[in-house]
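Subject: Two-chain model, handover and notes

Hello,

Here is the structure we spoke about. Please look it over, then read the notes below.

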Amino acid sequence: MIKEPKISENQREIWREPVNFGRFAVPKGEIHIFPERCKECNYCTNYCPNQVLERSPEVNVYGYHPVRVREDKKDSCVACGMCQSICPDFAIFVKEVKIQ
Amino acid sequence: MTEVEYHPKHELIREERFPHVWCPGCGLGIELQCYLNALEKSGIPQDSHVLVSGIGCTARIPGYANLDTYHTTHGRGLPFATGMKIANPDLKVTVISGDGDLFNIGGNHFIHAARRNMDLLVICSNNFNYGMTGGQHGSTTPPTSKSASTPYGNIEPTFNLPYIASALGASYVARWTVMHPRQLTKSIRTAMEVKGFAFIEVLSPCPPNFGKFNGFKDGFEEMEFYRKSSVVQNDAKLEDISIDPFHGKNIVLGDFVNRKRASYITLEHELIDRVRGGGQ
């Protein structure tokens, strides 16, 4: 039986579907943010490949708007770790969620 | 009650000192994170690592690393590190400092440390100006770019740091930007195993000074500039890779040199063994 490939919205086109695509689950990540450390540099919001993050209207103790996870993209994180490695402030990290 | 969350690097950073002093968009935090990632992967215990710095924005990095760290006088990070390495060769000594510290005031120390092929890892953060004092031009400012002290454009040619290090005989030479965190981590990881002088130049954005004077609105625009104008070319001719991005020249990145050359500590220990064994 051939399974339909799971493609989340805004994912790039798959130009050739691998024969064993259905056997692999898309990894899922859980984003943790320290809002008091964020300095609003916008690196994570711009470099996230799935645009999962956005600036929140809240203000932290230093007057910056910390990032938050977009409500509509809660399940789109694929745990690539880009936001973690590009954050200069150690304010964000990603944990991969084990898929049962 | 929710569980207290920690950053994955919380054992390697001094978390009570965060948020750090660097400006929004500064690349130094990424550089620190890449160093800590490489340190974790190196397999060398945390107690054996020492981080030395001079003066400047970059020299604040050791203050945030939970290691044995030294914040030394201006430009003199390399002599301190050299002494430490000779006194205790088991340590893995890393010097992390800015371009102004390592090449302007401490240029002579750099020349001699590289000539001796001292067993040190030197990470030079290059932001093209003196960031801490307000963005004056220095020896690494690209031609015709503006700064606080060159409002009509810089007329001086710039230092080509990998070429200098390679000409002086460094064992390992590389250049990356903070826009390439994975490659930078891999490069630092490789350099930690090199015997002899390892030099990595890291290009880092400086949004309130260099960025502001040269028309970059924020740190993200400067990062995008690095991303678009850089090419990876590991076998580049080092004499041609000076940084001149405002005349349509690409910034060449890569691991340029990795060669075997007798290091100072090896030669010193050979000498000690020979003399103690009754030789001349």
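Which residue stands opposite A:G29 in β4(A)? A:E96 does.

Before the rest, the ground rules. This is a predicted model: local features need pLDDT of at least 70, side-chain atom pairs count only at pLDDT 80 or more, and totals for chains, interfaces and linings use all residues. Residues are numbered from 1 along each chain as its sequence is written, and chains are lettered from A and ligands numbered from 1 in the order in which they are written.

Chain A

Chain A has two helices and four strands. Here helices (H or I, at least four residues) and strands (E, at least two) are DSSP runs, numbered from the N terminus. Their order from the N terminus is β-α-β-β-α-β. Of the 100 residues in chain A, 30% are buried. A residue is buried if 20 or more other C-beta atoms lie within 10 Å of its own, exposed if 12 or fewer, and partly exposed in between, with C-beta atoms placed from the backbone.

Take contacts in chain A between residues at least 6 apart in sequence: 60% of them join residues at least 24 apart. Contact means that the C-beta atoms of two residues, placed from the backbone, lie within 7 Å.

Strand β1(A), residues 28-33, has alternating side chains. A:G29, A:I31 and A:I33 point to one face and are buried. β1(A) pairs with β4(A), residues 92-97, in the antiparallel sense over six bridges. Pairing requires that DSSP finds at least two bridges between two strands.

The sheet of chain B

Chain B has an open sheet of eight strands with mixed pairing, in the order β2-β1-β3-β4-β6-β5-β8-β7. β2 (68-71) and β7 (230-232) of chain B stand at the edges. Each has a single partner strand, so one side of each is left without a neighbour in the sheet. The twist averages 20° from one strand to the next.

Inside the sheet, β1(B) (49-53) and β3(B) (92-98) run parallel and are joined by four bridges. B:H49 has B:K92 as its bridge partner in β3(B).

Helices of chain B

α3(B), residues 77-87, lies across β1, β2 and β3 of chain B and runs at about 180° to β3(B). Axes are lines fitted to C-alpha atoms, for helices over the stretch in contact, and angles run from 0 to 180 degrees between N-to-C directions. The axes of α3(B) and α5(B) come within 8 Å and cross at roughly 35°. In that contact, B:L78, B:P79 and B:T82 of α3(B) meet B:H109, B:F110 and B:A113 of α5(B). The residues involved are four nonpolar, two polar and no charged. Ala, Val, Leu, Ile, Met, Phe, Trp, Tyr, Cys and Pro count as nonpolar, Asp, Glu, Lys and Arg as charged, and the others, Gly among them, as polar.

α10(B), residues 264-276, is hardly covered: one of its 13 residues is buried. B:G278 follows α10(B) and has a positive phi, near 95°.

Backbone points to check

- B:F18 and B:P19 are joined by a cis peptide bond, with omega about 0°. B:P19 is in the segment before α1 of chain B.
- B:N117 is not a glycine, yet its phi is positive, about 55°. It sits in the loop between α5 (107-116) and β4 (121-126) of chain B. B:N117 is buried, with 22 other C-beta atoms within 10 Å.
- B:F128 also is not a glycine and has a positive phi, about 70°. Its loop runs between β4 and α6 (161-167) of chain B. B:F128 is buried, with 27 other C-beta atoms within 10 Å.

One tryptophan

B:W176 lies in β5(B), residues 172-177. B:W176 counts as buried because it has 26 C-beta neighbours inside 10 Å. Leaving aside neighbours within four places in sequence, its contacts are B:Q183, B:L184, B:S187, B:I200, B:V202 and B:L253.

Where the chains meet

Contacts link 22 residues of chain B with 14 residues of chain A. On the chain B side, α1 (28-42), α7 (181-193) and α9 (219-229) each supply at least two residues. α1(B) gives the largest share, four residues. By class, that side has twelve nonpolar, seven polar and three charged residues.

Best wishes
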